[in-house]
Amino acid sequence: MSYPRMARVHSENERDRSSLRADRHLTVRPFLMNSMFVYGSLMVLKPVSADRVYRLFNIGATTLVSAAHKGDEDVMAAAWACALDLTPAKATVVVDKSHYTRGLIEKSGYFALGLPMVEAAPVVMKLGAVSKHDDAEKLAKSGAKLFKTDGFEMPLVEGCAAWVVFRVLPEPHNEAQYDLFIGEAVAAWADDRVFKDGRWCLEYVPESLRTLHYVSGGHFYALGQSVHVPGYD
């Protein structure tokens, strides 16, 4: 299946495939994604500085795990994902042996984690409830709007607050015994309506743009209220 690709990161004098440089920005062309026009302007996806990637996962949001290998691709929902290290940023995610996505991660050595927002909740449930083992048309039927970035083959899902691509750090025992994969971040982007200057700003956005936090069944919570203790910034 062919998906639109986001505009390449660029500057006046060079094209840099590294998305972790803080002085770069990605503007998504309006014909690539349907959710670009927000309050009359283009939504801007900005690379997240390498030393701030861990903050994306500190809030414990539900994730969408994407992987691909030689044209075969899948996306699944996963609640058990968390930050592991600061710089370079690392994260863990639990992907059971029964999931189609796992085989793609093992073959390719890469996966991506997206942090879906409230508006994407129905898609998250569909991607989590149906296995590609059972339905080869899972992605098409899920209603997910997918896109890709230059340099990476896994599909990413629109309606996320952030996306991070990871290279697998092989730990055969953890993977076999606990279904636990460790990844090192190689690229990260965030929607600057909700994550700006290395900080979440969910308390200032509509509920539809807040991150999802899974409980069970079809029940989620949406994060939004900020509690600030002075003197620790």
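User: Where does T63 sit?

Analyst: T63 is in strand β5, residues 63–69; strands here are DSSP runs of E with at least two residues, numbered from the N terminus. Bear in mind that this is a predicted model, where local features need pLDDT of at least 70, side-chain atom pairs count only at pLDDT 80 or more, and totals for chains, interfaces and linings use all residues. Residues are numbered from 1 along each chain as its sequence is written, and side-chain values use heavy atoms, leaving out hydrogens and water.

User: Is T63 buried or exposed?

Analyst: Buried, because its relative accessibility is 0%, and buried means under 20% relative accessible area with a 1.4 Å probe, protein chains only.

User: What lies 2.8 Å from a polar atom of its side chain?

Analyst: That's the backbone oxygen of A78. Leaving aside neighbours within four places in sequence, T63 also has contacts (heavy atoms within 4.5 Å) with residues including M76, A77 and L113.

User: Switching topic: which residues lie nearest the centre of the largest pocket?

Analyst: R199, W200, E203, S226 and H228, out of 21 lining residues.

User: And which are closest to the centre of the second largest pocket?

Analyst: M76, A77, A78, H99 and G128, among 25 lining residues.

User: Which helix gives the largest share of that lining?

Analyst: α3, with 5 residues of the lining of the second largest pocket. β6 (72–78) and α2 (100–108) are also among the elements that each supply at least two.

Note on methods
Helices (H or I, at least four residues) and strands (E, at least two) are DSSP runs, numbered from the N terminus. Buried means under 20% relative accessible area, exposed over 50%, partly exposed in between (1.4 Å probe, protein chains only). A polar contact is a pair of N or O atoms within 3.5 Å; within protein, one must be able to donate a hydrogen and the other to accept it, and residues adjacent in sequence count only if both atoms are side-chain atoms. On a 1 Å grid over the protein atoms alone, a cavity is a set of points where a 1.4 Å probe fits but cannot get out, and a pocket is an open set with protein on both sides within 12 Å along at least five of seven lines; lining residues have an atom within 4 Å of a point.
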